[in-house]
Amino acid sequence: MSSLNLSDIPVGASVTVRVPATSANLGPGYDSLGLGLGFYDELRVERIESGLEFELTGEGSAEVPRNENHLVVRAMKAAFEAAGLEELPPLKLIADNKIPHSRGMGSSASAIVVGVAAASALLPEEHRLDRERMLQVASDMEGHPDNVAPAIYGNLSVSWGQLGEWHSLIIPVHPQVRPVVAVPDYEVSTKLARSLIPAEIPHARAAANSARSALLVRSLSDAPEYLMDATVDYLHQGYRVPAMEPSAALVAFLRERGLAAVISGAGPTVLTFARGDEQVQQAAEAIAEFEAQSPASEVEDRRLKWRVLPLEIDTEGVIVTQ
């Protein structure tokens with residue numbers, strides 16, 4: 001295969017890429033299970049004459065850097081290097097972000113994946129990365145593939161591996177399963193959430209969690225009637241309560257009503273696995289009830305708001321739309 005240089009991406013070349021939000025862990029599947037959600041960021045990238053230009057709106061757009069430190073640009077650079085192009089081309093990024101940041105919906109993984117996919121799509125066809133190579137590049141950047149894999153492939157992913165050698169098994173989700181996402185108007189950093197988990201846990205808890213995680217894979221694929229039992233977690237959610245007490249309280253509130261609710265990723269978003277349209281409605285009504293009866297915050301003297309998103313399972317993963 002011939003080597004690459006900047007002239008292989010002509011000025012004026014452009015791509016538009018859509019990437020789904022994701023939810024990781026899903027209760028007991030800590031750092032191994034992930035789910036593609038039908039909620040999307042879209043990015044348009046254009047090859048320009050010189051420099052870097054940004055037109056960014058939407059979630060988190062005011063806080064992200066507008067230089068080579070932007071996560072999408074870093075991901076594009078990593079993808080170009082993986083394909084053999086050592087120099088970052090001059091680029092313009094245009095995005096209206098929908099996926100909220102620091103909420104447990106995979107915003108960083110989605111940014112990495114959309115950057116890797118955009119860079120690949122700009123390359124001549126014979127140099128483009130297939131999805132397996134995208135998984136390696138993106139997971140190396142993210143540090144693990146649990147959010148990256150469903151952003152690339154969609155559906156339910158079971159992931160494992162180590163730096164430079166990541167693997168994911170992609171499993172279709174039962175059509176009855178409908179995710180209902182409740183996004184609160186506060187953030188929790190993944191770093192803080194991870195810091196609360198102890199380095200060691202008792203063997204009995206690990207064994208119990210192993211059983212629930214295995215059951216969850218089966219439940220999501222073809223036995224949704226077991227989702228309440230399958231979403232019991234012993235590894236991380238309980239330890240993270242101090243960082244997201246309102247979210248933990250909402251999970252408990254929903255589960256008391258027979259709804260299979262978990263913390264989405266590192267939180268504080270809450271994900272409920274509804275079974276059909278009736279439970280979607282029940283979940284939305286229960287979240288509204290919880291919000292209405294919750295006391296105002298002692299710190300900010302306001303009632304916490306929850307944005308409720310009844311979603312579909314994403315089944316396509318990242319796609320180049322034009």
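Reply: The buried residues of α3 pack against α1, α2, α4 (148-153) and β6 (165-171). Contact here means heavy atoms within 4.5 Å. Buried means under 20% relative accessible area, exposed means over 50%, and partly exposed lies in between (1.4 Å probe, protein chains only). Helices (H or I, at least four residues) and strands (E, at least two) are DSSP runs, numbered from the N terminus.

Me: What kind of model is this, and how are residues numbered?

Reply: This is a predicted model, with residues numbered from 1 along each chain as its sequence is written. Local features need pLDDT of at least 70, side-chain atom pairs count only at pLDDT 80 or more, totals for chains, interfaces and linings use all residues, and side-chain values use heavy atoms, with hydrogens and water left out.

Me: Which residues of α3 are buried?

Reply: They are M134, L135, Q136, V137, A138, S139 and E142. Now check the length. Helix α3 covers residues 131-142, which is 12 residues. From first C-alpha to last, α3 reaches 16 Å, close to the 16 Å expected at 1.5 Å a residue. The expected span is 1.5 Å times one less than the number of residues. Just after α3, G143 takes a positive phi of about 100 degrees.

Me: What does S139 touch?

Reply: S139 lies in helix α3. S139 counts as buried because its relative accessibility is 0%. Not counting residues up to four places away in sequence, S139 touches H144, P145, V148 and W166.

Me: Show me a buried residue in a strand.

Reply: Take S157, in strand β5 (residues 156-162). S157 has a relative accessible area of 0%, so it is buried. Leave aside its neighbours within four places in sequence. S157 is then in contact with S32, L33, G34, D146, A149, P150, L169 and I170. S157 and I201 are 44 residues apart in sequence and 25 Å apart in space, C-alpha to C-alpha.

Me: What does α8 pack against?

Reply: The buried residues of α8 pack against β7, α7 (227-230), β8 (260-263), β9 (270-275), α9 (276-293) and β10 (306-310). Those buried residues are S247, L250, V251, F253, L254 and R255. Helix α8 (residues 245-256) has 12 residues and reaches 17 Å from first C-alpha to last, close to the 16 Å expected. Just after α8, G258 takes a positive phi of about 80 degrees.

Me: How do I read a salt bridge?

Reply: Side chains of opposite charge can pair when their charged atoms come close. The rule is a side-chain nitrogen of Lys or Arg within 4 Å of a carboxyl oxygen of Asp or Glu. By this rule the count comes to 13 salt bridges.

Me: Where do E81 and K77 lie?

Reply: Both lie in helix α1 (residues 71-83), 4 residues apart, about one turn of the helix. E81 is partly exposed at 33% relative accessible area, and K77 is partly exposed at 30%.

Me: How far apart are the closest N and O atoms of R103 and E187?

Reply: They are 3.3 Å apart, in a salt bridge. R103 lies in the loop between β4 (91-97) and α2 (107-122), and E187 in the loop between β7 (177-184) and α5 (190-195), so the pair ties together parts that are 84 residues apart in sequence. R103 counts as buried at 13% relative accessibility, whereas E187 counts as exposed at 52%.

Me: Is E256 buried or exposed?

Reply: E256 counts as exposed, at 64% relative accessibility. E256 forms a salt bridge with R257, with the closest N and O atoms 3.7 Å apart. R257 is partly exposed, at 38%. Elsewhere, salt bridges that share partners join R178, D277 and E312 into one network.

Me: Which residues lie nearest the centre of the largest pocket?

Reply: They are H101, S102, G106, S107 and S108, out of 43 lining residues. The elements that give two or more residues to the lining are β1 (14-25), β2 (29-47), α1, β4, α2 and α5. A pocket is an open set of points on a 1 Å grid over the protein atoms alone, where a 1.4 Å probe fits, with protein on both sides within 12 Å along at least five of seven lines; lining residues have an atom within 4 Å of a point.
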